[in-house]
Amino acid sequence: MPFNLDKFVASPSVEELDSLKKSEIVKVAKHYGIEFQPLMRKDEIKRYVLEYLVDESVLPSTVLETAITVPTDNTFELKRLEIEMNKEIRLKEMEREREREEREMQKEKEEREMQREKEEREMQREKEEREMQREKEEREERERREVEATRVRGHKRLRPQNRLGYWGIRCF
């Protein structure tokens with residue numbers, strides 16, 4: 001049987017209001033001039049209609065208490081579930097953030113280790129170059145001394161053989 005707004009307005013009842021679809025409850029709310037948001041749930045709009053009818057003394061106040069109790073409990077349960085879900089989401093986000101920070105810290109640690117190893121290799125290479133340069137300088141110094149010593153020995157050998165006097169006479 002289709003909904004008849006005039007019939008409902010003439011004799012409103014909680015039972016009939018409970019059996020209405022959301023679109024039909026919206027028509028009732030608009031008829032009475034009740035302000036609501038179109039995105040509101042059916043139970044919330046129905047509660048506004050019931051509160052209006054109780055305020056206008058069309059329905060007794062006891063009807064409001066019994067009719068609103070069930071949706072309110074459901075609303076609290078939904079709110080509790082929403083809070084739990086948001087809490088889980090935040091925990092997961094925090095876990096992801098912590099994991100991301102750990103990865104960044106590990107990456108930075110590895111980069112520092114690589115930099116340290118690079119610096120150690122560079123220092124070792126410089127040390128080896130200095131050592132090679134020192135050895136080269138020592139070798140050159142030894143060779144210079146040997147050449148000098150050979151030259152000095154060569155002069156000493158030549159002197160006794162060339163001990164000629166002024167007129168080419170040998171002097172011993």
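This is a predicted model: local features need pLDDT of at least 70, side-chain atom pairs count only at pLDDT 80 or more; totals for chains, interfaces and linings use all residues.

Student: Which residues have the most contacts inside the largest nonpolar core?

Tutor: In soluble globular proteins, nonpolar side chains tend to be buried together. In this model, the largest nonpolar core has 19 residues, and Leu17, Ile45 and Val49 have the most contacts inside it. At least two residues of this core come from each of helix H2 (14-19), helix H3 (22-32) and helix H4 (42-55).

Student: What does Val49 touch, leaving aside residues up to four places away in sequence?

Tutor: Beyond those sequence neighbours, Val49 is in contact with Leu17, Ile25, Val28, Ala29 and Ile34.

Student: Which residues of H4 are buried?

Tutor: Buried residues in H4 are Ile45, Lys46, Val49, Leu50, Leu53 and Val54.

Student: Why does Lys46 count as buried?

Tutor: Lys46 counts as buried because its relative accessibility is 11%, and the cut-off for buried is under 20%. Lys46 lies in helix H4. Not counting residues up to four places away in sequence, Lys46 touches Leu17, Asp18 and Ile25.

Student: How does the span of H4 agree with its number of residues?

Tutor: At 1.5 Å a residue, the 14 residues of H4 should span 20 Å; the end C-alpha atoms of H4 are 20 Å apart, so the two values agree. Just after H4, Ser57 adopts a positive phi of about 60°.

Student: At what angle do H3 and H4 pack?

Tutor: Two packed helices are described by the angle between their axes and the distance between the axes. Here, H3 and H4 pack at about 35°, and their axes are 10 Å apart. Their crossing is left-handed.

Student: Which residues meet where H3 packs against H4?

Tutor: From H3, Lys22, Ile25, Val26, Val28, Ala29 and Tyr32 meet Lys42, Ile45, Lys46, Val49, Tyr52 and Leu53 of H4. By class, this contact has nine nonpolar, three charged and no polar residues.

Student: Finally, is Glu16 buried or partly exposed?

Tutor: Glu16, which is in helix H2, is partly exposed, because its relative accessible area is 23%. Apart from residues up to four places away in sequence, Glu16 touches Phe3, Phe8 and Ser11. Glu16 and Phe3 are 13 residues apart in sequence, and their C-alpha atoms are 9.6 Å apart in space.

Conventions:
Residues are numbered from 1 along each chain as its sequence is written. Side-chain values use heavy atoms; hydrogens and water are left out. A nonpolar core is a set of buried Ala, Val, Leu, Ile, Met, Phe, Trp, Tyr and Cys residues joined through side-chain atoms within 4.5 Å. Buried means under 20% relative accessible area, exposed over 50%, partly exposed in between (1.4 Å probe, protein chains only). Helices (H or I, at least four residues) and strands (E, at least two) are DSSP runs, numbered from the N terminus. Contact means heavy atoms within 4.5 Å. The expected span of a helix is 1.5 Å times one less than its number of residues. Axes are lines fitted to C-alpha atoms, for helices over the stretch in contact, and angles run from 0 to 180 degrees between N-to-C directions. A crossing is left-handed if the near helix is turned anticlockwise from the far one by less than a right angle, and right-handed if clockwise. Ala, Val, Leu, Ile, Met, Phe, Trp, Tyr, Cys and Pro count as nonpolar, Asp, Glu, Lys and Arg as charged, and the others, Gly among them, as polar.
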